[in-house]
Amino acid sequence: MSPEYAVEGKFSVKSDVFSYGVLVMEILSRKRNRGFLHPDHNHNLLGHVWILFKEGRVMEVIDTQLRQSCNQSEVQRSVHVGLLCVQQCPEDRPSMASVVLMLGSDVALPLPKEPGFFNGRSRFIEDDILSSKQHGETSVNDLSITQLDAR
């Protein structure tokens with residue numbers, strides 16, 4: 001969920017771009033943004049990717065199985081585009097047409113700015129997440145089907 005929608009209830013096409021960027025990060029890392037825990041810091045997945053990007057260590061966030069069989073330059077470009085999509089200000093995010101162009105060509109990419117929701121998680125929330133994982137209280141996203149009956 002984009003920061004402007006979560007905080008102000010404002011939704012736009014740039015909100016979809018933000019969501020796309022989060023999905024890119026989640027797919028490449030095989031980790032969820034929500035509930036992401038790292039032993040060295042309290043940032044979410046976006047914050048973790050941002051730190052690694054700034055340090056030039058983007059490939060460390062990529063899932064090990066994917067890392068072994070991927071084209072590294074394409075994956076690094078995908079992370080770069082993903083970070084452009086999750087920038088804090090909607091005006092800084094590219095349009096989806098620009099995202100498609102960036103992914104399908106070798107056009108030079110601008111440097112991304114800090115992602116939205118790049119913040120530390122409090123120990124209370126982190127402990128709550130760990131506790132729910134240990135007790136099996138996390139969602140598995142099972143499918144439920146509702147049958148509608150006529151009156």
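A residue is called buried here when its relative accessible area is under 20%, exposed when it is over 50%, and partly exposed in between, using a 1.4 Å probe and protein chains only. The structure is a predicted model, in which local features need pLDDT of at least 70 and side-chain atom pairs count only at pLDDT 80 or more, while totals for chains, interfaces and linings use all residues. Residues are numbered from 1 along each chain as its sequence is written, and side-chain values use heavy atoms, leaving out hydrogens and water.

Of the 151 residues, 39% are buried. With contact meaning heavy atoms within 4.5 Å, 66% of the contacts between residues at least 6 apart in sequence join residues at least 24 apart. The accessible surface, computed by the Shrake-Rupley method with a 1.4 Å probe and with only the protein chains shown counting as cover for residues, comes to about 10,000 Å², and 53% of this area belongs to carbon and sulfur atoms.

Helix H5 covers residues 72–85. Its 14 residues reach 20 Å from the first C-alpha to the last, close to the 20 Å expected at 1.5 Å a residue; the expected span is 1.5 Å times one less than the number of residues. The buried residues of H5 are Val75, Arg77, Val79, His80, Val81, Gly82, Leu83, Leu84 and Cys85. Their cover includes H2, helix H3 (45–54) and helix H6 (96–104).

Helix H2 is built from 17 residues, 13–29, and its end C-alpha atoms lie 25 Å apart, in agreement with the 24 Å that it should span. Lys14 is itself among the buried residues of H2, as are Phe18, Gly21 and Met25.

How do H2 and H5 meet, and at what crossing angle? Their axes, which are lines fitted to C-alpha atoms over the stretch in contact, with angles from 0 to 180 degrees between N-to-C directions, come within 7 Å and cross at roughly 145 degrees. The contact is made by Val17, Phe18, Tyr20, Gly21, Val24, Met25 and Leu28 of H2, together with Val75, Ser78, Val79, Gly82, Leu83 and Cys85 of H5.

Most residues other than glycine have a negative phi. Arg30 is not a glycine, yet its phi is positive, at about 60 degrees. Arg30 is exposed, with a relative accessible area of 56%. Leaving aside residues up to four places away in sequence, Arg30 touches Asp63 and Gln65. Arg30 and Gln65 are 35 residues apart along the chain, and their C-alpha atoms are separated by 9.9 Å.

Ser2, in the segment before helix H1 (3–8), is buried, with a relative accessible area of 2%. Ser2 lies 86 residues from Gln88 in sequence and 8.4 Å from it in space, C-alpha to C-alpha.

How values were computed
Helices (H or I, at least four residues) and strands (E, at least two) are DSSP runs, numbered from the N terminus.
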